Amino acid sequence: MKKIATTLAALFLYMGMNADAKTPAQKLIKKLAKWQKKGIMMGHQDALFYGTTWKWEFGRSDVKDVCGDYPAVLGCELGGLELGNEKNIDGVPFDKIREQIQAHYQRGGFITISWHPHNPVTGANAWMIEGEAVAASLPGGREHAKMNLWLRRLTDFMKSLKTKDGKPIAVIFRPWHEMNGGWFWWGVKSCTPQQYIQLFKMTVDNFRKAGLTNIVWSYSPNASSDDTTEKFLTFYPGDEYVDLLGVDLYQHTTQAEFIKQGQQEMRIMHDYAAKHNKLYALTEGGYRNTPDPQWYSSTLLPALKGFVPCYVLLWRNAWDNKEENFGPAPDKACAANFRQIHRERALLFLKDVGGRAYKND
Ligand code: BMA
């Protein structure tokens with residue numbers, strides 16, 4: 001009898017797991033895990049919307065202008081959507097974001113989405129940390145209803161991500177990032193880890209209640225120089241709420257420091273991910289203006305050496321700020337080195353992962 005019960009339990013568990021594997025998010029996780037076995041995908045924030053010298057030329061990308069191929073991972077930003085705006089905080093229209101997500105997905109690419117929402121208490125931008133806005137956003141808080149409305153605007157957008165024939169497009173969503181820094185209203189200076197965890201869980205639960213099955217959840221603190229697993233997990237909402245571990249790592253000081261931090265964060269994420277069956281990635285990074293022309297070979301790749309994160313996402317090449325560029329561009333001194341690492345196949349690009357979908361585009 002006991003044996004039958006055990007067999008049945010195992011069967012139901014198996015069926016349950018298989019049922020899970022049928023959601024678009026579960027399929028995306030599987031696909032990401034598959035590619036992670038083959039190499040590190042190259043990603044670029046806002047790659048398809050603008051570059052250092054152009055904007056709104058759809059089909060173009062600075063990465064493509066440099067090496068002839070698109071990044072495998074497209075990063076998009078939803079800040080401003082919570083207010084019901086038509087354009088995000090960097091001036092990109094949300095309907096163009098939706099359209100380019102679809103185009104990138106149809107070519108076989110992957111999508112990750114960040115969100116720098118306004119401060120729900122003061123109405124100022126994400127970097128204005130006053131007002132204890134996390135506490136106010138939680139159940140019982142005075143802006144809880146507003147946060148629910150904001151999350152609904154996001155879930156509506158996520159629901160609208162569909163292929164031409166109406167199938168949901170799964171994306172990696174990375175809200176409430178860099179919480180261990182003090183620069184966002186959801187950061188360490190403005191809430192306790194417990195409050196942060198409540199905010200993260202509330203967000204996930206809200207999406208789940210809205211019936212969304214196309215979200216792969218990412219947790220991504222900022223890299224810190226003396227990081228440990230315990231520190232990395234200070235704000236971690238739990239394995240049921242996170243699929244992909246990430247870290248945001250920029251070069252602010254020396255090359256040696258970047259490499260050291262990269263190795264340290266990769267080790268922490270790799271070990272936790274292996275034990276807990278998670279993906280991991282360098283969810284944001286770069287070196288502002290890339291002053292080292294050899295940066296990709298001299299610094300980025302050595303920082304990752306020995307590890308295979310799922311992807312590395314270079315931050316945006318802003319169209320509206322000359323000092324805000326982190327990816328390659330044809331007129332930048334680092335272009336030749338980027339072409340070289342592309343030639344050497346140090347990272348995976350869209351042609352590598354897109355397969356037939358890309359060739360038919
Ligand atoms: C930040 C900066 C800002 C931008 C925001 C959202 O890191 O690049 O200029 O508005 O990301 O893209």
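Keep in mind as you look that the model is predicted.

Let's begin at the ligand. Its surroundings are made up of Glu77, Ile89, Asp90, His116, Trp127, Trp315, Arg316 and Glu324. For Asp90, a polar side-chain atom sits 2.5 Å from an oxygen atom of the ligand. Arg316 also has a polar side-chain atom placed 2.9 Å from a ligand oxygen, and in Trp315 an N or O atom of the side chain is 3.0 Å from an oxygen atom of the ligand. How much of the ligand does the protein cover? On its own the ligand has 310 Å² of accessible area, and the protein covers 79% of that.

One member of the shell, His116, leads us on to another histidine. The side chains of His116 and His177 are joined by a polar contact of 3.2 Å. You can find His177 in the loop that runs between strand S4 (171–174) and helix H7 (193–209). Is His177 buried or exposed? Its relative accessibility is 0%, so His177 counts as buried.

Next, turn to helix H6, which spans residues 144–159. This helix has 16 residues, and the distance from its first C-alpha to its last is 22 Å, close to the 22 Å expected at 1.5 Å a residue. Its buried residues are His144, Met147, Trp150, Leu151, Leu154, Thr155, Phe157 and Met158. Where do they lie around the helix? Looking down the axis of H6, you would see the buried residues fall within an arc of 155 degrees, so they line one face of the helix.

Between Lys164 and Trp35 the separation is 129 residues in sequence and 25 Å in space, taken from C-alpha to C-alpha.

Our last stop is Asp227, in the loop between strand S5 (215–219) and helix H8 (229–232). Although this is a loop residue, Asp227 has a relative accessibility of 10% and so counts as buried. Asp227 and Leu199 are 28 residues apart in sequence, with 23 Å between their C-alpha atoms.

Definitions and conventions: Residues are numbered from 1 along each chain as its sequence is written. This is a predicted model: local features need pLDDT of at least 70, side-chain atom pairs count only at pLDDT 80 or more; totals for chains, interfaces and linings use all residues. Side-chain values use heavy atoms; hydrogens and water are left out. A residue is near a molecule or strand if one of its heavy atoms lies within 4 Å of it. A polar contact is a pair of N or O atoms within 3.5 Å; within protein, one must be able to donate a hydrogen and the other to accept it, and residues adjacent in sequence count only if both atoms are side-chain atoms. Accessible areas come from the Shrake-Rupley method with a 1.4 Å probe; for residues, only the protein chains shown count as cover. Helices (H or I, at least four residues) and strands (E, at least two) are DSSP runs, numbered from the N terminus. The expected span of a helix is 1.5 Å times one less than its number of residues. Buried means under 20% relative accessible area, exposed over 50%, partly exposed in between (1.4 Å probe, protein chains only). The arc is that of the directions from the helix axis to the C-beta atoms.
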